[in-house]
Structures are given as structure tokens and as C-alpha cells.
Amino acid sequence: MASITLKNVTKTYDNGSKVIPGLNLEIRDKEFLILVGPSGCGKSTTLRMIAGLEAVTEGELFIGERLVNHVPPKDRDIAMVFQSYALYPHMTVYKNMAFSLELRKEPRAEIDRKVREVARILDIEPYLSRKPKALSGGERQRVALGRAIIRDPQVFLLDEPLSNLDAKLRTQMRGQITQLHKRLETTFVYVTHDQTEAMTMADRIVVMNNGVIQQADTPEALYYHPANLFVAGFIGSPQMNFIRCELEGENGGATLVFPGGRLPLPAEKARALSDYQGRALTLGVRPEAFFLPEPGRAATASVTAQVEMTEMTGAETYLHLRLAEQAVVARILSGIHVPDGSVVTLSLDAGRVHLFDPETERAVG
């Protein structure tokens, strides 16, 4: 098993385009780390540099204690699972999985033992004699995983491996890959654009944008303590609402004033924001922080808004609201009828809001 270290790593293409301006990242031994971000943010390029499929322009890349900048991919002791499965179409599942061991000239009996053991772990034993074209997408992805596992590498690299699957299969495969990581106790580095995958699978998530790490932390920390506006808006579905507001001081405390409502802040938060009194701020409110008034549930403030549209998703309903000139989304339990076009008053808890400096976009208070 091995850790991975990137020290001031940059990637510049021949046309002068610098997609990774200087990356510093420590991936711990046996960690399940997920790189996430919008298309073009540099996450797949970072993974491909670790794999050796892209050259590092500057900086140092270590796998374990070994500097691997100029080590060929085949000598890095890594295994990679691609989005496209990349199975040999003319080979059976058995041969696809055994191929890398045959190249190593391992004994036939040992190859057979390993193939059948991995097939049992992934529940693909009935398919060993089939060719890839006779398999479903989920079955092909499990074969691709099996081909990686059988090599017993120090590091697994997975590049959007579930993006070609339907929603039900993605959910199943998320659980299987998580269990696989726990069973193998190997370092996993996983790339996805799907923040739900990242939140449900990772030990730690690295959020990237324009080749720069915005925040690297546990899923819980990213959700409850985003470092900036980008992370706050990227993590969570539906995304966090951002509302223009102003901080007013009153009676030694502070109140956020915004269209449709006023939100008194707890004394501790008011003290932390003393430098922002009289200034504009960006208020971040997750959809579930709004709730309909109900007995026994404390509310710090009330917000009045017009319902533009409702979306029922099963156990929950999303209210698309107009708050003065701003669109916001609230998440409430289904079963409560809220007509389109009606005006509603929602409660809001000051302990569940986030504040950002509109100029630096950093979290404050």
C-alpha cells in the first residue's frame, strides 16, 4: 500500500495552456480520496499525472517514498479503471482478468485461483466464459474492477467509472466500490463530476476549480463548513441559496437584513462579524434550512416569499420561490400542499446559515 504526494505539481500543454498551476496534495495510505469539480477543472488531468499517462511539467510526484515523475505507467504499481471499461472485446471475462497475470508469467494454477477469487468477490463468477458484448454495463464495470484488483496494486485510480450507468446501477455500484475499498484496504483515488458520489463514498474530498484546490476535507466538513462560495455552491443538491444582505448593528448585536426578512445573529457570530457592520455580505442558506412554521421547532427569523413552482420528488418537495428579485429553493416534506403563486412565510434558523465576503468569496464569521 502507498501514500501519494504531489509537491508544487504543474501541468502546461504545448500550446502554453497551464491547466494545473501548482498543486500540493497529500493522499494518505489506504485513503479513499475523491477529486471532484466541474468539467475542465483539472481533476482528470491530476489523476492521469498520477497514473503516468500525462507528464508532470514541474514539481514532484511521489508514490510511497519513490519519485515517479519519469517512471513509466507500467512500473508505478498502480491499476486504473476507466469510464469506458476498456475491456478486450475478443476475450472472455476470464481472459480479460487473467491477461495481466499471464504477461507476468505467473503459474497457471495461481492465475486460476486469483481470477476465481476476484470473480467471487465481485459476484461475476457466472460470466467468466462470456465476452464483454454479452454483459450489461454494470457487469462490464465489475469486470473492469476485477481486472484492476487482480494485479494487487499499491494504488487504484478510477476515472468516472460509473458515469455510463443508469441511476439504479450507479447507486448499487457506489456501495460495491465502497465495500471493496474496505475489504482491500488499498489507496483509492477516484475522479467524478457527481458530488453525490463524492459525498457518499469518500473518506476525504478534494474540490477543484480551474486547476486549484478550493478545499480538501471530509464530506461532513465540506457540507457544514464550506471554505468559500464555490465549494458552498458545488456541494449539496439542490445547491445552496445565495442571498444579498447587509449587516446592521443594534443593541450590541447584529442583524442580517435582506429582501423579505431580517435575521438576528447569535452574539458569538455577531462579535466575529464586527468588522462587517454596515457592509454587504452574501448569505448562504441550504434549501433544508428553510422550514414551514411548526409547533416545538424554534425559528430565528421568518422569510416571506412567493411560490413560483413546486417539485415533488417523493418524500420531499422543492419550493421554487421568488424573494424580491432573487430566486431561492426551499426543501420541505411532501404531503403539504403549497399552491403555485401563493405567498408563504418560512422559518429560518440562524445557526444553519453561512456568510461570505462578496469580494473575496471566502467564508466569514
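**Figure 1. Helix α1 over the sheet of β1, β2 and β4.** Helix α1, residues 43–51, lies across β1 (4–12), β2 and β4, and runs at about 115° to β1. The model shown here and in the other views is predicted. The strands belong to an open sheet of 4 strands with the order β2-β1-β4-β5 and antiparallel pairing. Since β2 (18–27) and β5 (66–67) each have a single partner strand, they stand at the edges, so one side of each is left without a neighbour in the sheet. β1 and β4 run antiparallel and are joined by 5 bridges. Within this pairing, lysine 7 stands opposite glutamate 60 in β4.

**Figure 2. The hairpin of β4 and β5.** Strand β4 covers residues 58–63 and pairs with β5 in the antiparallel sense over 2 bridges. Isoleucine 63 has arginine 66, in β5, as its bridge partner. The hairpin has 2 residues between the strands, and glycine 64 takes a positive phi near 65°.

Figure 3. Lysine 11 is in strand β1. Its relative accessible area is 7%, which is under the 20% limit for a buried residue, so lysine 11 counts as buried. The side chain of lysine 11 forms a polar contact of 3.5 Å with the side chain of glutamate 54. With neighbours within four places in sequence left aside, the residues in contact with lysine 11 are Ser17, Lys18, Val19, Ile20, Thr45, Met49, Glu54, Ala55 and Thr57.

**Figure 4. Surroundings of arginine 204.** Arginine 204 is in strand β9, which spans residues 204–209. This residue is buried, with a relative accessible area of 11%. A polar contact of 2.6 Å links the side chain of arginine 204 to the side chain of glutamate 31. Leaving aside neighbours within four places in sequence, arginine 204 is in contact with Glu26, Ile27, Arg28, Glu31, Phe32, Leu33 and Ile34, and also with Ala216, Asp217 and Thr218.

Figure 5. Helix α5 consists of 18 residues, 167–184. From its first C-alpha to its last, α5 reaches 26 Å, close to the 26 Å expected at 1.5 Å a residue. Its buried residues are Met173, Arg174, Ile177, Thr178, Leu180 and His181. Seen down the axis of α5, these residues fall within an arc of 160°, so they line one face of the helix. Lys168, Lys182 and Arg183, on the other side of α5, are exposed. The elements that cover the buried residues of α5 include the strands β3 (32–36) and β8 (187–192). Also among them are the helices α3 (108–121), α4 (137–149) and α6 (195–201).

Figure 6. The N-terminal end of α5 is capped by aspartate 166. A side-chain oxygen of aspartate 166 lies 3.2 Å from the backbone nitrogen of lysine 168. After α5 comes glutamate 185, which has a positive phi, near 50°.

**Figure 7. Strand β16 between its partners β17 and β19.** Strand β16, residues 301–312, is joined by 6 bridges to strand β19, residues 343–348, and the two run antiparallel. Serine 302 has serine 347, in β19, as its bridge partner. β16 is also joined by 6 bridges to strand β17, residues 316–323, again in antiparallel fashion. In this second pairing, valine 307 stands opposite leucine 321 in β17. The hairpin of β16 and β17 has 3 residues between the strands, and here glycine 314 takes a positive phi near 125°.

**Figure 8. The protein as context for the close-up views.** The protein contains 9 helices and 21 strands. Taken along the principal axes, its C-alpha atoms fill a box of roughly 80 × 50 × 35 Å. Of the 365 residues in the protein, 50% are buried. Among contacts between residues at least 6 apart in sequence, 66% join residues at least 24 apart.

How values were computed:
Residues numbered from 1 in each chain as written. Predicted model: local features only at pLDDT ≥ 70, side-chain atom pairs only at ≥ 80, totals over all residues. Heavy atoms only, no water. Expected span 1.5 Å × (residues − 1). Buried < 20%, exposed > 50% of the residue type's maximum accessible area, 1.4 Å probe, protein only. Arc of directions from axis to C-beta. Contact = heavy atoms within 4.5 Å. Polar contact = N/O pair within 3.5 Å; in protein donor to acceptor, adjacent residues only side chain to side chain. Pairing = 2+ DSSP bridges. Axes fitted to C-alpha atoms, helices over the stretch in contact; angles between N-to-C directions.
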